[in-house]
Every structure is written in C-alpha cells, then in structure tokens.
Amino acid sequence: MLGKTAGSLFWMARYLERSENNARLIDAGFRIALTRSSTAAAEWKSVLVTAGVNQAFKAAHGDYSSARVIDFLLRDPANPSSILSVIKLARDNARTARTALTRETWEAVNTSWMTLVALLKRPVREDDLPDVLTTIRQQSAHVRGALNGTMLRNDGYHFALLGTFLERADNTARILDVKYYLLLPSVAHIGTSIDNVQWETILRSVSAHRAYRWLYGAEISALKIAEFLILYRQMPRSLAFCCERMEDHLAQLQRHYGEETEAWRLAHALSHEKLAGPIQSIFDGGLHQYVTSFLRDTAALARQVERDYRFVE
Amino acid sequence: MLRGKGRRISFFDEMTSQEGGTRSPYREYCGWFEAEDATRIQRKAQQAEALFRTTGITFNVYGAADGDERLIPFDVVPRIISASEWRRLSRGIEQRVRALNAFLHDIYHRQEILRAGRVPTDLIAGNEAFLPMMMGLDPPGGIYTHISGTDIVRTGADEFYVLEDNARTPSGVSYMLENRETMLQMFPELFAKVPVREVSDYPINLLKSLAACAPPACGGTPTVAVLTPGIHNSAYYEHSFLADHMGAELVEGHDLRVIDGRVAMRTTQGYKAIDVVYRRVDDDFLDPLNFRPDSMLGVPGIWDVYRAGGITIANAPGTGIADDKALYSYMPDIIEFYTGEKALLPNVPTWRCSDPEHLREVLDRLPELVVKEVHGSGGYGMLVGPAASKKELAAFRAKLEANPGNYIAQPTLSLSTVPIFTKKGLAPRHVDLRPFVLMSPQGVTITPGGLTRVAMTKGSLVVNSSQGGGTKDTWVLED
C-alpha cells in the first residue's frame, strides 16, 4: 500500500471521529447554555478551547453568544475544525484513498458529506440544533458500520482504526484538560460534592452519563469520573480503551508487514505504563500534568506512525 | 452535409427512419419502451442521478467555485448500434490506430513520410506537440498509443466520419462503464430482451495491454500504476476508477522518485519499483527536470529512466503530434502511406487556416463553419458559426486574422440524432461517439460501443461535457 494511501485512511478516520466528537461537545455545551444562561459564555469558551479553536474564534468574533459559537462550530469555513470543514477533509482523504476503500465505505463517506453539506447550507436555528446534531452522529455511525461490515482486515483497515482511536483519545484527554479544575476541589476536600450539572456535562460530551450510573450508581465523585474516563478499559471513549486498541492495531500492522516499529513500542508504553493506574497516583502527581503529558505522548505517537509507515516523504 | 444559409435541413435520426418506421437496431428496445409506463421511466431516471451522486461520478468545472461539483447528465435511452455497423466502424478504427502508431514511430525515427513529401516538414518541426527528445527512442513493445479514443460522428445511414483522434489521454471510459452498470441496475429486464455486447472487461484488458508493454528492466509480473494530478483534477474519478478496477496503485508525482535507475513508489514498507505507468498528466508536466521546471505533478528524472528502458510510459511522450488538429487533415494520406489501403473511415473536410487560400475561404463562409483551435480540446475556444451571434462572429474573425495558423475550420456537420427521454416524451438530440481502443504488441482491442455524448439542448451541436453535454449508454448488438 502507498504511504500516502495509508496516511489518507488514517486522516479520513480522524476527521470522521472529530466531526462526531465535535457534535457531542456542541450538544453538551448547548444544554448548559439553555439551562444556565449565567454560565453559558464560560461553557462555550471551554467547548472552543476543547475543540482547539478558541483563538480562531476570538480573532473573528467578540463575544461568546450561543448563535455565534454554534455557527462557528458547525459551518464556518474559517474554522478548520467546523463540522463542514472536517467532513470535507474526511471526504477528500477518502477520495485520495479511494482504491483502498470498499464501494460501500466510500459511498457512506460521500453520502455523509452530501447530507451534511445540504443540512448546513444555512445557519441552524436553535430549535433545530438537536436534530442536526443527531444527524451528524448518525452519519458517523453509518460510515463506521460500512467500514466494519465490508473492509478486509488488512493494513488499510488498521490504519483507519488507528486514526479513529488516536483522535478519540485526544478528544477525551482534551475534555479532561479543559475541565480538570472542576474535578480538583472535591478531591482536596473529600466529601464535598462537585457541581452535578458540570460533571454530567463532562460525561455527556463522551456519551457516557448513563453508562456511569450503571457502573457507579449514585456516587458522584471526581475520582470515579476520572477513573472512568482515563482507566476504565470497557468504556469505549476512555484513554485506556483507546490506547489498548491502538496498541492492538499497531501489533497487527507489525504482523502484517513482518517489521517491528517504534510506533508500537510507544503505544505499548502508553497502554501499559501510563494507563496502569491506580487513579489516586494520577491525582497525586497532578491531574493537569498527567493530561498534558498524555496529549504530548499521543501527538508523538501520531508523528511516529507517520514516520514508520511513510505517510509523507 | 453542409448546412446552407437559411435552409432547413433534416438530420439523420438513428431510432426513426425518414419514412417514420423504427430502424432495425432499435426495434426490440422500442417495443419494450412503448409498453412501459412513462412515469416509471421518469422515476428511474431520477434514481440514476442519485446513484451517480452517491458513487461520486462528479467532475469539477475549471474556474468554478470550490465544492461546486457537477454531474454529467445521463440519459436513460440507449444509443444502439447494429452488429454490422459496428463491424464496419471497428475495422476503420483499427486501421486508423495502427496507422497512427506507425506514423509516430516513423516521425520519431527516419521520417520517411516527410521525405516522401506526403506531410509538410514544417508542420512537424514547428509543432509544439512534437517532442524532439523522442527521436530515435524505442518505446517498450514499439507501442506509442496504448490507449486512444477515436471521435466519430454520423451524418446518415451509411455516413460516418472521424472527427478527432485522441491519442494523448482520452477520458470518458469510466462513464462508458458506469453508464452500463447503471442501466443494468435500473432496467435489468431489458438486457434479457436485447442481446447487448459486454463492456465490463475493459479494465482487465487495459491491465493486460499495459502489462504486455513492460520495459526491459521489469523482472517478473509487471507492476502497473496510474499517475493522476490528484483529487482536484476534473477526471480524478476516472483515474481512481481505473486504478481500482485494475488493482493498480493510484499515484501522484510526490509518491514517486527515481531510485537506482527505476521509478519507485513510496509504500508503507519503503520504495517499490513500478514497471508501467499509465499517466493521466500531459507531457509537459511529466518531468520537471526535463520539461516544465515548475511542474509539481510529475517525477524528476522519469525521462532518463524511460530512455534507459527502466519504465514504460503510456501513452508514450510525444504522441500528441498524432492528434494535432493541424495534422488531422493529412490523416487519409497517413493511413495510405503506412497501410497501403484507403482510409475505411473518412475524415471531415478541413480547411487549414495557415494556408492563405483556405483562410480566405474560411473568412468568407465563417457563419456556416465550425472553427477550432489547433491545440485546443474539450470544446473550449471553438466557434460554431451557425449558432454564433454577429458580435461573436466579429470577435472570432479578429482572432482568426491575428493568428490564422492556430485554427482549422470544418463544415458544420449535421450530426445524427438519438432521442433523449424528457418529461414530454422522446426528443431527438445530436450525438457523437468515442470508442476506446487499446493497443499492445498482442494486438488491438476495441471495446464494443464506447461513450456516446449527447447535446442535451435542442438543436445544439456541442456535445462536450464542459459545455453542458450529457452521455448515454451505448449498445452494440450481438450478431
């Protein structure tokens, strides 16, 4: 397989994952903006920071009004992470890697692009927003279904999944990076409960607020939430789950090509050292420092994958 | 054949004869069509459009806004060619393609045809499409035109003309294949009623044909790659389609580099040599070291590898001289010179505006002629006299007088019509035909049929997709 093709599959999957994650972030932000108008601006700001586009937003707009932030996140071509920008990038990468995709997978990506372009032609009214966000998530599920249902389990598949989990790990870590301060005071003062709405927002932005209930019952503790998002290996958006999957896909690529890679070594270290736990030791070392170094490690892993498999010259 | 001033002339319709009866190749189809419910066909036509969009068979129009992707209109009524008509056409096409290949070999070697005075020397020497670097070079297998597309128009029951020989990188073959695929999906029952010859083996024939031209440096099974300018090219869909259906890698210039005298592609496991490249970039852009230095599309040094027999480039560099419009008028001589036979398919009479006498005649009769740029393609920069306004005629006249050598002129042909399906029923529209021809040391393969392009607007004679033309599935009937 061409290095470029491998890179395009990896990025196609990253962008698709990003569009889904951003839809979740908007959903969670919108809920707070609706129910707590006093903290709306702060919440939107944290959504923008999580998506990595706060600077770009500030440069173009003055205040964090809901309508403006939503439009920026959904449709603004000046925002490289807007849903429209990202789905176009996903499709461009799919076109570049067209020969490595099944017809069904390609058509799913292309249909997603057509659907979202039509859906986001005009600014979205607030009362239409929940439906629009649902459609975005459904499109993503559609592509994932086609990919899993029709692609050969060869190198191309592993590159795509690698992109998916790298993007997802990055996203969950960014949410923690932006919200860690909410989790901290309650750890310092054991017994004080954290802000219910805020922790629910965190869980909602990874579609896991109900899963958490089933797992931990009514106990709302910062330690448990952090454990759930970082170390819990059955939770498909936790850092541990994502890193385990990356390690596995890299191991399969090693087998496929019969060549050991530095990328696998990095992923193995992430999965087995960084995510070994327990959660208390992560808090002891400082949650913020932990998340920052995790983000650094995943960025290094992404660069190593690119080098090992010659995505670019 | 000429369209007289102010005189209405009738066009040859391929479905309905002048007497009003259905022509024989269309009998079974028309029987089916008459029994069909028009609203059902209407619905199918809409489905076809959705199908094309989902598949991504779209193209970018140069100069249009980003993301403004268009669909080439597809018409659900097939264009049908009888077995005997096709026999005649394919014989003529094969003769022509063989002659072109012989001409290219000669022009880049001993130039016998120039010595014999059958083609003027200055038409070659001063021609931008002539590539002096090809002199004395033997392309692997002796093949120059691995892939060509011969544009044919029909003006009567027995009148076919060759309009153009596309010997560089003819496009449209993916439409030929997808149109058939779409018809099979929409009207499977039709194919049980009408015996239509298959076209689906084109990609595998292309692969075999390219592999048969592997260079001396190839050891074992040849590795074939398709070279594309990238996703922003208007024909990108076709490039990826062909690569996908051949099981060949789709490469861009930046995926390739020259290593140890071979052209190699960057794979996930390092560089791997390729043997045959089906390039869909023009000569000028092939190699920035040897041609245009600003080209980002090609591979630095590929020319030197080619010269040394390290790679096959299809089509060979320099084939453009064979489909040059200034040379076109010499094709009957060229065919006779190399095959010893008269051309089986006639040329359209052509005035060369470089000739002062021809130019005078062209200027006199401008409103009734079609004038084309010698190096143009895609219907850009062309004048259709009868359809042009006074202002357009005057403007073109000025361009023509300023640079006559840049133009040729032809009579406005009364292209045959085939009906398209409209909301109000069947309506005749002008068509042309581009059959696709493969050539290798093992022989010439012509896919039965080809791409039928149709002018969707009533009365229009311009079938180019860049000018709003559409396409039809083309059926060649079994004997």
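The model is predicted, so local features are given only where pLDDT is at least 70 and side-chain atom pairs only at pLDDT 80 or more, while totals for chains, interfaces and linings use all residues. Residues are numbered from 1 along each chain as its sequence is written, and chains are lettered from A and ligands numbered from 1 in the order in which they are written. Chain A holds 15 helices and 0 strands, whereas chain B comes to 14 helices and 22 strands; helices (H or I, at least four residues) and strands (E, at least two) are DSSP runs numbered from the N terminus.

**Overall build of the chains**

- Along the principal axes, the C-alpha atoms of chain A fill a box of roughly 55 × 50 × 35 Å.
- In chain A, 50% of the 313 residues count as buried, where buried means that 20 or more other C-beta atoms lie within 10 Å of the residue's own, exposed means 12 or fewer, and partly exposed lies in between, with C-beta atoms placed from the backbone.
- Of the contacts in chain A with a separation of 6 or more, 70% are accounted for by residues 24 or more positions apart; two residues are in contact if their C-beta atoms, placed from the backbone, lie within 7 Å.
- For chain B, the radius of gyration is 23 Å, close to the 23 Å that the globule rule gives for 479 residues, so chain B is as compact as a globular protein of that length.
- The box filled by the C-alpha atoms of chain B, taken along the principal axes, is roughly 65 × 55 × 50 Å.
- Among the 479 residues of chain B, 43% count as buried, and 69% of its contacts between residues at least 6 apart in sequence join residues at least 24 apart.

**Contact between chains A and B**

- The contact takes 19 residues from chain A and 19 residues from chain B.
- On the side of chain A that touches chain B, the elements giving two or more residues are helix H1 (3-35), helix H5 (83-96) and helix H6 (103-119) of chain A, with the largest share, 4 residues, coming from H6(A).
- The residues on that side of chain A divide into 6 nonpolar, 5 polar and 8 charged; Ala, Val, Leu, Ile, Met, Phe, Trp, Tyr, Cys and Pro count as nonpolar, Asp, Glu, Lys and Arg as charged, and the others, Gly among them, as polar.

**A helix pair in chain B**

- Helix H8 (residues 202-211) and helix H9 (residues 236-246) of chain B pack at an angle of about 80°, with their axes 9 Å apart; axes are lines fitted to C-alpha atoms, for helices over the stretch in contact, and angles run from 0 to 180 degrees between N-to-C directions.
- That angle makes H8(B) roughly perpendicular to H9(B), a class that spans 65 to 115 degrees.
- B:Pro203, B:Leu206 and B:Leu207 in H8(B) meet B:Leu242, B:His245 and B:Met246 in H9(B), and by class this contact has 5 nonpolar, 1 polar and no charged residues.

**Strands and sheets in chain B**

- Strand S4 (residues 147-156) and strand S5 (residues 159-166) of chain B run antiparallel and are joined by 7 bridges, where strands pair if DSSP finds at least two bridges between them.
- S4(B) and S5(B) form a hairpin with 2 residues between them, and B:Asp151 has B:Glu164 in S5(B) as its bridge partner.
- An open sheet of 3 strands in chain B has the order S8-S9-S10 with antiparallel pairing; its edge strands are S8 (256-259) and S10 (270-273), each pairing on one side only, and the twist averages 45° from one strand to the next.
- Within that sheet, strand S9 (residues 262-267) of chain B and S10(B) pair in the antiparallel sense over 4 bridges, and the bridge partner of B:Thr267 in S10(B) is B:Gly270.
- An open sheet of 4 strands, with the order S13-S16-S14-S15 in chain B, also has antiparallel pairing; strand S13 (351-352) and strand S15 (383-384) stand at the edges with a single partner strand each, so one side of each is left without a neighbour in the sheet.
- In chain B, strand S14 (residues 369-373) and strand S16 (residues 407-411) run antiparallel and are joined by 5 bridges, with B:Val371 opposite B:Ala409 in S16(B).

**One residue of chain A**

- A:Asn148 is found in helix H7 (residues 129-150) of chain A and counts as partly exposed, with 13 C-beta neighbours inside 10 Å.
- A:Asn148 and A:Leu161 are 13 residues apart in sequence and 9.7 Å apart in space, C-alpha to C-alpha.

Notes:
Parallel < 35°, antiparallel > 145°, perpendicular 65-115°, else oblique. Rg over C-alpha atoms; globule rule 2.2 N^0.38 Å.
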